[in-house]
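Please look at the sequence and the 3D structure below before reading on.

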Amino acid sequence: MNGDILVLNSGSSSIKFALYTAAREPARVLAGMISGIGATPGFIAEDAEGRPVPAGLPAADGALTHETALARLFDWLASRGRSRNLLGAGHRVVHGGARHVEPLRLDAAVLAALEQLVPMAPLHQPHNLAAVRVLMKLQPDLPQVACFDTAFHRTQPATAQNFALPRDITAAGVRRYGFHGLSYEYIAGVLPQHLGGRADGRVIVAHLGAGASLCAMRGRRSVATTMGFTALEGLMMGTRSGSIDPGVLFYLMREQSMSPAAVEDLLYRRSGLLGVSGTSSDMRELLASRDPRAQEAVELYCYRAAREIGSLAAALGGLDALVFTAGIGERAAPVRAAICEQSGWLGVELNETANREHRALVSAPGSKVTVCVIPTDEEIVIARHTRKLLVTGDR
């Protein structure tokens, strides 16, 4: 099939993009990011081999918005002869709710339904959908597909998805959805290359980045995960608190007179690594710092991750493999070392040299649990789903 597929991951201040061929197995042609939405714009791009591509975007008046950013992206693609053969655009959409468990074609009705889920993912959903709305305006004839971060976890048993709340509240959609599903879907697909026969065993994948979660897999399907109703639950993250005693929220609202909006801002944007260190949400800066508050933030981050690994191992009935992925998981060897040391009781033994060198296999030869580092690729998952839906009509 001739033509290209545009993959978009739209955030509050940036838009990541990638262009793929619409071949049976899509191949990346270009990738990049437009940054500085609402501020000073920036643009980087690279070709399929990772070489920098001249990145001069057409000029625009005023501050960059999602609309002007995407308009300039299409002008840039046109200048490179890559806009005429677009078959469609695939979007990362963080929350699909209970109804949307597979990729689907976007239209006004679907968009309206997804907007109802914004309160469940306030950091991501509004910006994911902003790109959809802009493309509907700029390129009304271009088919668009939504790929959901929540969909991968719909294979979990009901027990893993339910809160201990009255049934009418559960029926209204208050349940554990889980996130980072596109990343987990990619890792599940490549596990046999790294684990052989253990790929279908008891595996925990640690997606550790600015947002962080764990997923327990059996048969390469989600059994349990650390994120729940929102992308706030579970592990400590860059600026998010992770799981917290709900009583703390009552205390803050009652005794500190904090409004719900202020509490939301606290837990989503001022907590996590940033809140504990008081200086940064960037793990690289914290690992390089001698400030004891930075060290305490890293220690707490690793402790929380190791504790949740123990919880998911219980859900699996044991552990055969542990996989690290995403920015921190792939690049922060000291974080991997600390988490593995605290998980030693599960049979995890680390090869310190392999870990320092960021090899794919970092467990010691005698380790009962295989430990791997596998780079994730959410964009190729979106490209595959978009091609399949638009070219073959299959989901």
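What follows describes a sheet, the helix across it, the nonpolar cores, a helix pair and the cysteines.

The model is predicted: local features need pLDDT of at least 70, side-chain atom pairs count only at pLDDT 80 or more, and totals for chains, interfaces and linings use all residues. Residues are numbered from 1 along each chain as its sequence is written, and side-chain values use heavy atoms, with hydrogens and water left out.

Helices (H or I, at least four residues) and strands (E, at least two) are DSSP runs, numbered from the N terminus. Two strands pair if DSSP finds at least two bridges between them. An open sheet of 5 strands, with mixed pairing, runs in the order β10-β9-β8-β11-β12. Its edge strands, β10 (221–225) and β12 (370–373), each pair on one side only. From one strand to the next the twist averages 25°; axes are lines fitted to C-alpha atoms, for helices over the stretch in contact, and angles run from 0 to 180 degrees between N-to-C directions. Strand β11 (residues 321–325) pairs with β12 in the parallel sense over 4 bridges, and V323 stands opposite C372 in β12.

Helix α11 (residues 292–316) lies across β8 (202–208), β9 (212–218), β10 and β11, and runs at about 20° to β9. Contact here means heavy atoms within 4.5 Å.

A nonpolar core is a set of buried Ala, Val, Leu, Ile, Met, Phe, Trp, Tyr and Cys residues joined through side-chain atoms within 4.5 Å. Buried means under 20% relative accessible area, exposed over 50%, and partly exposed in between (1.4 Å probe, protein chains only). The largest nonpolar core has 44 residues, of which I204, L208 and Y301 touch the most other members. Helix α11 gives the most to this core, with 10 residues. Not counting residues up to four places away in sequence, L208 touches L235, Y301, F324 and I339, among others. A second, separate core of 31 residues includes A31, V205, I374 and I380.

In helix α8 (residues 260–269), the buried residues are V263, L266, L267 and Y268. These residues pack against α7 (246–255).

How many disulfides does the whole structure hold? A search finds 0, a disulfide being a pair of cysteine sulfur atoms within 2.5 Å. C147 is too far from a partner for a bond, because the closest cysteine sulfur, in C215, is 18 Å from its own. C302 is in no disulfide either, and the nearest cysteine sulfur, that of C340, is 10.0 Å away. Both cysteines are buried: C147 has a relative accessible area of 1%, and C302 is at 2%.
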